[in-house]
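Me: I'd like to go through the labels on this one and see what each rests on. Can we take them one at a time?

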Amino acid sequence: MSHSIEIITSIDNQSPLLLPTEKDEIEEGREVDHLSGINETNGQDSSGSQPREIVNRISGMFKGLDNSSLKSCTIFKVNVGLRESNPGAYTPKMVSIGPYHRKNPMLRPMEKYKVLYLQRFLKRQEGLDLESCINELEELKEEALKCYDDIEDLKKDTSHTDRFLQMLLLDGCFVVEFIRELHKVYPPEEEKIIDTSVGYIFDQLTRDLMLLENQLPFFVLNKLHHMTKKDDELPFAIMAKCCFAINLPKTTPAALLEIHNNANAGKIKHLLHLIHMSWQGNPNTDPTYSWRILCCNPLQIIWSKENKNDKGNKINKVIIPNATELSEAGLSFKSFGNIYRSLDKDDDIGDTSLFDIKYENGLLKIPCLRLFDSTESNLRNLIAFEQQSDVHHRYFSDYATFMDQLIESDKDVNLLRQKGIIINGLGEDKEVTRFFNKIGKGVSTSAGFYDKQGYRKIIEHCERPWNRMKANLIHNYFSSPWVGASTVAAIVLLILTAIQTVLAFTGGVK
């Protein structure tokens with residue numbers, strides 16, 4: 001408070017641009033006397049100590065701050081622009097992982113489970129104790145602190161950094177042992193610590209582990225797993241990926257191998273990043289990747305020489321019409337591929353991604369998307385990760401923008417649902433409309449999104465008058481077999497009537 005007081009005093013002593021009234025001068029004098037009295041009471045010297053304090057304070061901000069420290073931040077708080085439309089989608093409901101939500105009293109019941117998982121973790125390796133674990137994490141502490149944004153209280157105070165180490169151990173063991181438990185990697189004589197078969201527990205916990213603000217650095221999780229890993233145990237990255245397999249598209253053995261290699265190389269930032277890698281296509285592991293993108297896929301962003309030079313046909317952020325308008329313009333929709341893993345089959349291998357949206361000759365093919373209560377939270381956090389990270393391709397941001405453009409009303413949802421493109425587990429169609437209209441708000445797409453060849457062809461199709469005329473003809477006169485039969489009968493009757501009229505006229509002339 002004293003700092004602002006001195007600033008106000010110095011401003012009052014300056015010569016005003018306009019002379020104040022006598023009343024203003026009296027009030028100003030009273031204010032100055034009052035402020036001077038406060039300074040004298042506090043024993044402060046107004047002759048220059050305050051500027052020195054401000055200089056020292058700002059100089060302290062420079063310490064330990066450089067561009068590289070900002071770049072090392074990988075676990076962000078979701079920015080206001082994305083959060084405001086649905087704050088709950090970014091907030092944990094059962095368990096707090098990391099420093100951002102550790103003070104939430106609603107999440108305290110899970111703390112005892114963290115201790116139970118820590119006990120099991122210590123039993124896995126003979127001679128492993130708390131001190132050795134803390135010593136191992138001590139070596140990772142400084143690097144882990146840099147991964148978080150806006151946790152200055154943890155960085156300055158030694159007691160707080162000790163609590164940070166405690167948090168890394170408890171939260172890290174919880175994540176590692178919970179994922180092991182899902183793979184049934186625990187002593188046969190023991191029971192599950194958390195019974196995920198009960199109600200909503202599995203869905204809620206896996207949802208919380210996918211939140212951007214609820215993450216631990218992956219190198220911490222990998223270290224803890226490696227400390228107690230058995231020879232026949234899967235790499236932690238593969239185990240973690242498979243825990244979310246029910247809600248993720250199928251992948252390939254090459255993609256799994258790449259995830260494992262990236263984990264060993266330290267290229268995976270956290271669990272959400274791992275999930276993001278599992279969904280996306282990869283030009284290094286998929287030989288047909290570039291062909292599919294250049295020929296038919298409007299979402300994935302790879303520039304061809306033709307697109308770079310074809311500036312005359314480039315579209316500058318012209319959005320596509322909604323699904324109903326596209327249908328009225330003669331464009332057809334079709335669902336294709338199976339991007340989800342079956343519960344009763346070990347079929348975790350496939351060649352269709354959620355982003356394989358193809359347009360060919362008036363037919364738009366879109367993989368089926370299942371919408372459940374957890375879908376919005378999952379997609380929002382993947383989008384937030386893309387929006388605030390240096391990822392090469394914003395797959396989910398592009399997908400959300402594309403679907404937001406397709407869906408403007410319940411009629412669009414009904415059309416896509418009838419075509420099998422959307423499976424609605426949210427309730428009414430208006431809930432799906434709200435879902436896509438809000439999830440695409442404030443989202444930036446990849447560079448060149450609006451210039452993709454497939455995107456351009458869709459708009460060109462709608463701009464052809466004949467396509468719209470043909471679509472209106474089919475919609476009005478051939479929308480069903482009965483309407484089509486009536487239309488044909490009317491045409492035949494009209495032709496016969498015309499023939500009869502001509503014959504009657506020619507007969508009368510003779």
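This is a predicted model: local features need pLDDT of at least 70, side-chain atom pairs count only at pLDDT 80 or more; totals for chains, interfaces and linings use all residues.

Reply: Residues are numbered from 1 along each chain as its sequence is written, and side-chain values use heavy atoms, with hydrogens and water left out.

Me: Why is Lys 184 called exposed?

Reply: Exposed means over 50% relative accessible area, buried under 20%, and partly exposed in between (1.4 Å probe, protein chains only). Lys 184 comes in at 66%, so it is exposed.

Me: And where is Lys 184 found?

Reply: In the loop between α10 (158-182) and α11 (201-208); helices are DSSP runs of H or I with at least four residues, strands are E runs of at least two, and both are numbered from the N terminus. Lys 184 also has a positive phi of about 60°, though it isn't a glycine.

Me: What makes Asn 361 exposed?

Reply: Its relative accessibility is 82%, so Asn 361 counts as exposed. Asn 361 sits in the loop between β2 (358-360) and β3 (363-366), and this non-glycine has a positive phi of about 50°.

Me: How many helices and strands does the chain have?

Reply: There are 25 helices and five strands. Of the 510 residues in the chain, 44% are buried.
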